[in-house]
Amino acid sequence: MFAGRRAAAVAASSTRRAAYATQSSGSPFDRLDIRPVQRPDTAAYFMVKPKYADLLSGITSIVQQHGSLHGGRGGGGSKRAAGSRKRARWLDQEDMAKKLDVKLTVNEYKTLQERLNQADRLEILDEEERTTVQLYLNQFRHGYRHMEVVKMDGEEADKEGSAAQAPDKPKKKKKLHSYYGNKDDLGRWFAGGRRKTARACVWLTPVARPAPTIASVSRAVDEAVAAVGLALREAGLGPAAADAAAAAPTEAEIEAEAVPESVTFGEVLVNGKPLADYFVRRTDRESVVFPFQVAQRLGHYYAFLKVSGGGSTGQAEACQLAVARALAAATGRDGHYSIRAAGLLTPDGRAVERKKTGKPKARKSYTWVKR
């Protein structure tokens, strides 16, 4: 009885074993979803800065291959460079970090610079290898523009692109700074000024015909009076001299004749308002037009001012500095020296001192009480 049960169990076990062997042909690991691991291109993949390590390794291999400058062993076909060769100028630390897209420390940049200098001082006899090495190093030179980037990881350089030069890039428009005054595309002289917390910017436009100065009006008056006296003497009119003198043009008439009504004088607008309407105090208005008086250009320019921040005095002095800078740039040497001598180009950096913690004002202290 027991023998029959044991034989049946052995037969069932063998049947299951045969069925399992039929279903699972091959190794049991073949049924697992194991994907091949992609290996990194270089060993520097596991370093903190792979691009920097690859670059340093590539330059070191160039020096070792073509012979170091310190008498080290290297491949044939190279010799020691002359000591009189000009030292190359490489990208600075910031530009080099942007090119490699890593953050370089000072020591790392110095090490890279030394390796580049070693590779640049090599004189390779083979012309083709020398050209390839120089093209590779040129991408790290300061101010070098070339389309071709030669790879030194074993790939052959493209000979057809070696002669291709980068097209001339459009020059970036120079950003005009308003510190010393500049001229914009519309022919206006503009400059900026500061005083305390006030900020001002001015645009000066030349007037078609400037207003006459006091000296020119007085000169015209003198010439008219002399002409009247000469006419009286030539005519020999004694008693009629008084009548002729009375009929002579007055100073106001001569000034009106010298300056027709169609002539427009330079106007000063502050935030779209006339100078007298914006600055009520006379001293503030005098501060704004003082640079024109010093340079003897009163009425020669239209002045359009835009000012913000601060009080009336700060805005007026900020406008004065802006006008002085723009006028110095517009008049050139003629007015620059007089404006500079008057001290109008020197900004006044004085401002209200900030309040301190534990004190009522900037320096004032509370009364000390013993108890």
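Select Cys201 to begin: with a relative accessibility of 22%, this residue counts as partly exposed (buried means under 20% relative accessible area, exposed over 50%, partly exposed in between, with a 1.4 Å probe and protein chains only). The model is predicted: local features need pLDDT of at least 70, side-chain atom pairs count only at pLDDT 80 or more, and totals for chains, interfaces and linings use all residues. Residues are numbered from 1 along each chain as its sequence is written, and side-chain values use heavy atoms, with hydrogens and water left out.

Next, display the cysteine sulfurs. A disulfide is a pair of cysteine sulfur atoms within 2.5 Å, and by this rule the count is 0. Cys201 takes part in none, its nearest cysteine sulfur being that of Cys319, 10.0 Å away. Move to Cys319, which is buried at a relative accessible area of 0%.

Now select helix H11, residues 312-331, and within it Gly314 (helices, H or I of at least four residues, and strands, E of at least two, are DSSP runs numbered from the N terminus). Gly314 is buried at 6% relative accessibility. Its contacts (heavy atoms within 4.5 Å) include Arg195 and Ala198, residues up to four places away in sequence not being counted.

Finally, select strand S8, residues 301-308. Its covered face carries Tyr301, Ala303, Leu305 and Val307, whereas Tyr302, Phe304, Lys306 and Ser308 form the uncovered one. Two strands pair if DSSP finds at least two bridges between them. Strand S5 (residues 198-206) runs antiparallel to S8, joined by 8 bridges, and Trp203 stands opposite Phe304. Strand S6 (residues 268-270) runs parallel to S8 through 3 bridges, with Leu269 opposite Phe304.
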